[in-house]
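I opened my notebook to follow a few residues through this structure and to write down what surrounds them.

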Amino acid sequence: MTDLQIRAAVTDDVPAIVGMLADDPLGAQRESPDDLGPYLTALERLSVDPNQHLVVAVRGGRVVGTLQLTIVPGLSRRGATRSIIEAVRIHTDERGGGLGRRLIEWAIDESRREGCQLVQLTSDTTRADAHRFYERLGFTASHVGFKLPL
């Protein structure tokens, strides 16, 4: 994996990112690769927010992975800053080769550089393989999450 680069996402990466987001049963229901407008608008918002890090993993000029890291200052835990890892996706051709581990390690290292005391993430209850992956990396299923669609 020596030719792997992890860098900030740019406009030209959006089709590949959305393709990965849509490439599973859950994503196929909620993503719209045929209409990139909302994703481009979101990238513009993310790009100007210093607490948002949308990154891609690139190998041989091709986007093969992505994640979003959000830095959240807070009052709880004695004023701790935490980070949230979201939207982790690895291209189908790259799964099982250690790329997911590399991306998560990047996110943890970046969280440390940002002064975070805690890294957290959520994963859909149906993603058993992902849960095992995160547990192997040291994450614990310590909380129950709730969502309310608006």
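I began with Ser83 and looked up its contacts, leaving aside neighbours within four places in sequence: in this predicted model, Ser83 is in contact with Leu69, Thr70, Ile71, Ser111, Cys116, Leu118, Val119 and Gln120. One of these partners, Ser111, is also joined to Ser83 by a polar contact between the two side chains, for which I noted 2.6 Å. I found Ser83 in strand 4, and I wrote it down as buried because its relative accessibility is 0%, where the cut-off for buried is under 20%.

Next I turned to Ala57, which sits in strand 2, residues 52-59. Is Ala57 buried or exposed? Ala57 counts as buried, because its relative accessibility is 0%. Not counting residues up to four places away in sequence, I listed Leu4, Gln5, Ile6, Arg62, Val63, Val64, Gly65, Leu99 and Leu103 as the residues that Ala57 touches. I also looked up Ile71, which is 14 residues from Ala57 along the chain, and the C-alpha atoms of the two are separated by 20 Å.

I then looked up the largest nonpolar core, which has 20 residues, and noted that Leu67, Leu69, Ile85 and Ile104 have the most contacts inside it. Strand 2, strand 3 (62-73), strand 4 (81-90), helix 5 (99-113) and helix 6 (128-136) each give two or more residues to this core, and helix 5 gives the most, with five residues. Apart from this, I recorded a second, separate core of 13 residues, which includes Ala9, Leu21, Tyr39 and Leu54.

Note on methods
Residues numbered from 1 in each chain as written. Predicted model: local features only at pLDDT ≥ 70, side-chain atom pairs only at ≥ 80, totals over all residues. Heavy atoms only, no water. Helix = DSSP H or I, 4+ residues; strand = E, 2+ residues; numbered from the N terminus. Buried < 20%, exposed > 50% of the residue type's maximum accessible area, 1.4 Å probe, protein only. Contact = heavy atoms within 4.5 Å. Core = buried A, V, L, I, M, F, W, Y, C linked by side-chain atoms within 4.5 Å. Polar contact = N/O pair within 3.5 Å; in protein donor to acceptor, adjacent residues only side chain to side chain.
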